[in-house]
Amino acid sequence: MTPELEQTLALLSSHRSVLGYMLLSRGHPVSIIRHTGGVFDGEHGKKYAGVIARIVETVQSGLEEINGSENEGDDVKFLRIRTKRHELMISPDGRYLLAVLHEPS
């Protein structure tokens, strides 16, 4: 991992509202490269990883379906999902998916 990515992950971990983050591979099946926070431990973390990957794939597929050939190069850059209790922020790139779960209060 690049020093810039390491610095970003350290900064995320230090924020008090962050419950945890997951750094995932973009392969099939998705794999957890690194995570913090108890919410992402064990089987629960594997479930989150699979769901996060499916969310990104579904949104990208939907964009392609809507825009057809005009969607060339128009990839998903950032997703934000907010519920009553948490906010899940997902930042996909070519090699990784970075997901951060935090309390938005």
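**Entry 1. Contacts and overall form**

I began with the contacts of this predicted model. Of the contacts in the chain with a separation of 6 or more, 40% are made by residues 24 or more positions apart.

I then looked up the dimensions. Along the principal axes, the C-alpha atoms of the chain fill a box of roughly 40 × 35 × 25 Å.

Buried residues amount to 32% of the 105 residues.

**Entry 2. The order of the elements**

I listed two helices and five strands in the chain. Read from the N terminus, their order is α-β-β-α-β-β-β.

I asked how many residues of E1 are buried. Seven of the eight are, so the rest of the structure largely encloses this strand.

I next traced the pairing of E1. It runs antiparallel to E5, and seven bridges join the two strands. E1 also pairs with E2 in the antiparallel sense, over three bridges. E1 and E2 form a hairpin, with six residues between them.

**Entry 3. The nonpolar cores**

I looked up the largest nonpolar core, which has 14 residues. Those that touch the most other members are Met-22, Leu-24, Ile-52, Leu-88, Ile-90 and Leu-97. Two or more residues of this core come from each of strand E1 (18-25), helix H2 (42-67), strand E4 (87-92) and strand E5 (96-102). H2 gives the largest share, four residues.

**Entry 4. Leu-24 and Ala-49**

I examined the contacts of Leu-24, leaving aside neighbours within four places in sequence. Leu-24 touches Val-30, Ser-31, Ile-32, Ile-33, Ala-49, Ile-52, Arg-95, Tyr-96 and Leu-97.

From that list I took Ala-49, which is found in helix H2. Is Ala-49 buried or exposed? Its relative accessible area is 3%, below the 20% limit, so Ala-49 counts as buried. With neighbours within four places again left aside, Ala-49 is in contact with Met-22, Leu-24, Val-30 and Ile-32.

**Entry 5. The salt bridges**

A search of the whole structure gave three salt bridges.

The side chains of Glu-6 and Arg-34 form one of them, with an N to O distance of 3.0 Å. Which parts of the chain does this pair tie together? Glu-6 lies in helix H1 (residues 3-14) and Arg-34 in strand E2 (residues 32-35), so the bridge links parts that are 28 residues apart in sequence. Glu-6 is partly exposed at 31% relative accessible area, and Arg-34 is partly exposed at 28%.

Glu-43 and Lys-46 also form a salt bridge, and their closest N and O atoms are 3.4 Å apart. Both residues lie in helix H2, three residues apart, which is about one turn of the helix. Glu-43 and Lys-46 are both exposed.

Glu-87 and Arg-80 form a salt bridge too, with their closest N and O atoms 2.5 Å apart. I looked up the exposure of each residue in this pair. Glu-87 has a relative accessible area of 3% and is buried, whereas Arg-80 has 57% and is exposed.

Key. Residues are numbered from 1 along each chain as its sequence is written. This is a predicted model: local features need pLDDT of at least 70, side-chain atom pairs count only at pLDDT 80 or more; totals for chains, interfaces and linings use all residues. Side-chain values use heavy atoms; hydrogens and water are left out. A nonpolar core is a set of buried Ala, Val, Leu, Ile, Met, Phe, Trp, Tyr and Cys residues joined through side-chain atoms within 4.5 Å. Buried means under 20% relative accessible area, exposed over 50%, partly exposed in between (1.4 Å probe, protein chains only). Contact means heavy atoms within 4.5 Å. A salt bridge is a side-chain nitrogen of Lys or Arg within 4 Å of a carboxyl oxygen of Asp or Glu. Two strands pair if DSSP finds at least two bridges between them.
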